[in-house]
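This briefing covers packing and side-chain pairing in one protein model. Please have the sequence and the coordinates open while reading.

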Amino acid sequence: MAPRTKEELLSYGVMDPAMVDALARFPVRDPQPSDPYYGDENPHSRFRHHRAATLREKHHLRYIPGPIRDQVSEEDRKIVIRDGAEIMVRIYRPVEKPARGSPLIVMYHEGGFSMGDISDEETNCRLFSRDLGAVCVNVDYRLAPEYPFPTWVNDSWDALQWAAKNAESLGADPSLGFIVGGGSAGGNISAVLSHIARDEKLNPPLTGQYLCVPVIIGFTPPSLISPLYRQEYLSHPDITTNIDPVLRVDSGAQWAEALHGLLKAPWTDPRITPFLYGGMENGHRDLPPAYFQVCGIDPLRDEGLIYERVLREEVGIKTRLDLYKGFGHYFWTNWPQLEQSRQFVEDTREGVKWLLEQKQ
């Protein structure tokens, strides 16, 4: 497949009329004096609370707005990780266990490694458990800046190993499928863990990776990208003005400041920039099949598109891609009332189902 043309890539970034209308009718609101966190003097803390509050305001509109106890059970557990601390995981199981057994899916939430919680992935976990018969483990990894890099990687890897070791007691059969997944930062974590699991020979091995609007190249300056991919790297905000209403990254320098200041992460480490695994001894070879969801006006768009093509064309990994032209980063949770948001969630289910079918 030839690289996408400049014209094709730029066409993906023209905002869809439904997105234009949603922004006009339901704009992304700034903190208000009535918000309890309005007076918080820490800008990151204020934004973290504001993000959580505005998403909670829309939970009732989500595809699955709350627990479905007659179909999916939910259990919270604390697990001990390498430094002796405990993190929480939430386990989702189908109430009526499938006759052939349940695959295992481990999910990691979004939030730029410094915000978010397991509520961000609960719709997917309920969906996978109800419709695909899966046992899902939703991981509440620790966040920066309180816990800087590589804490979230270590927490996530420890939780994945715990899930693998305890699959049988959780009611899962990884031989039917063992998938790691997440969106944005969670997609980054999933891509990183797919490489670590390969290199550390996780047993049982992963059979699929779900990469939703993932951070793969991490807004690496275009000048540092190989000429092989540079012409396809147009969504970077240093090249194309970012109009995404949710992921408001105006420049590569802005991300670099967050990376070094807030997260304490070096962009040269593949555990934060998983595209860099391609230059290491094992490259991207022998990874499990990957399902991508990519959004047209998302500044991360071309990171996902490039990585999907690299996996498929350069190392022969099976991939599936759904592209949402004219829609932005996490539009389906910020405007869940849109028909396109419902379609996105249904595509998610079908894409993860496809991952499970690759194992079969």
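Which residues have the most contacts inside the largest nonpolar core? They are Leu104, Val106, Tyr108, Val137, Val139, Trp152 and Leu160, in a core of 48 residues. The model is predicted.

**Nonpolar cores**

- Val137 is in contact with Val89, Arg90, Leu104, Ile105, Val106, Met107, Trp162, Ala163 and Leu170, when neighbours within four places in sequence are left aside.
- Another core, of 37 residues, lies apart from the largest one. Met19, Tyr92, Tyr210 and Phe327 are among its residues.
- In soluble globular proteins, nonpolar side chains tend to be buried together.

**Helix 2**

- Helix 2 spans residues 17-25, and its buried residues are Ala18, Met19 and Ala22.
- Viewed down the axis of helix 2, these buried residues fall within an arc of 100°, so they line one face of the helix.
- An α-helix has 3.6 residues a turn, so residues three or four places apart point the same way.
- Pro17 and Ala24 are exposed, on the face of helix 2 turned away from its buried side.
- Helix 11 (331-334) and helix 12 (339-359) are what the buried residues of helix 2 pack against.
- At the start of helix 2, a side-chain oxygen of Asp16 comes to within 2.8 Å of the backbone nitrogen of Ala18.

**Salt bridges**

- The whole structure contains 27 salt bridges.
- Side chains of opposite charge can pair when their charged atoms come close.
- Asp35 and Arg29 form a salt bridge through their side chains, at 3.0 Å from N to O. Asp35 is buried, with a relative accessible area of 10%, whereas Arg29 is partly exposed at 25%.
- In the salt bridge between Arg126 and Glu74, the closest N and O atoms are 2.6 Å apart. Arg126 lies in helix 4 (residues 122-132) and Glu74 in strand 1 (residues 72-80), so this pair ties together parts that are 52 residues apart in sequence.
- Arg126 is buried at 3% relative accessibility, while Glu74 is partly exposed at 31%.
- Arg90 and Asp76 also meet in a salt bridge, with an N to O distance of 2.6 Å. This pair links distant parts of the chain, with Arg90 in strand 2 (residues 86-94) and Asp76 in strand 1, 14 residues apart.
- Arg90 has a relative accessible area of 18% and is therefore buried, the cut-off being under 20%. Asp76, at 40% relative accessibility, counts as partly exposed.
- Arg62, Glu74, Asp76, Arg90, Glu122 and Arg126 belong to one network, joined by salt bridges that share partners.

**Arg142**

- Arg142 sits in the loop between strand 4 and helix 5.
- Arg142 is buried, with 14% relative accessible area.
- Which side chains make polar contacts with the side chain of Arg142? One is that of Asp83, at 2.9 Å, and another is that of Asp155, at 2.9 Å.
- Not counting residues up to four places away in sequence, Arg142 touches Ile81, Asp83, Ala85, Ile87, Tyr147, Thr151, Trp152 and Asp155. Trp152 is also one of the residues with the most contacts inside the largest nonpolar core.

**Pro245**

- Pro245 is in the loop between helix 8 (227-230) and helix 9.
- Is Pro245 buried or exposed? At 10% relative accessibility, Pro245 counts as buried.
- Leaving aside neighbours within four places in sequence, Pro245 is in contact with Met19, Leu23, Val28, Ile297 and Trp335.

Notes
Residues numbered from 1 in each chain as written. Predicted model: local features only at pLDDT ≥ 70, side-chain atom pairs only at ≥ 80, totals over all residues. Heavy atoms only, no water. Salt bridge = Lys/Arg side-chain N within 4 Å of Asp/Glu carboxyl O. Buried < 20%, exposed > 50% of the residue type's maximum accessible area, 1.4 Å probe, protein only. Helix = DSSP H or I, 4+ residues; strand = E, 2+ residues; numbered from the N terminus. Core = buried A, V, L, I, M, F, W, Y, C linked by side-chain atoms within 4.5 Å. Contact = heavy atoms within 4.5 Å. Arc of directions from axis to C-beta. Polar contact = N/O pair within 3.5 Å; in protein donor to acceptor, adjacent residues only side chain to side chain.
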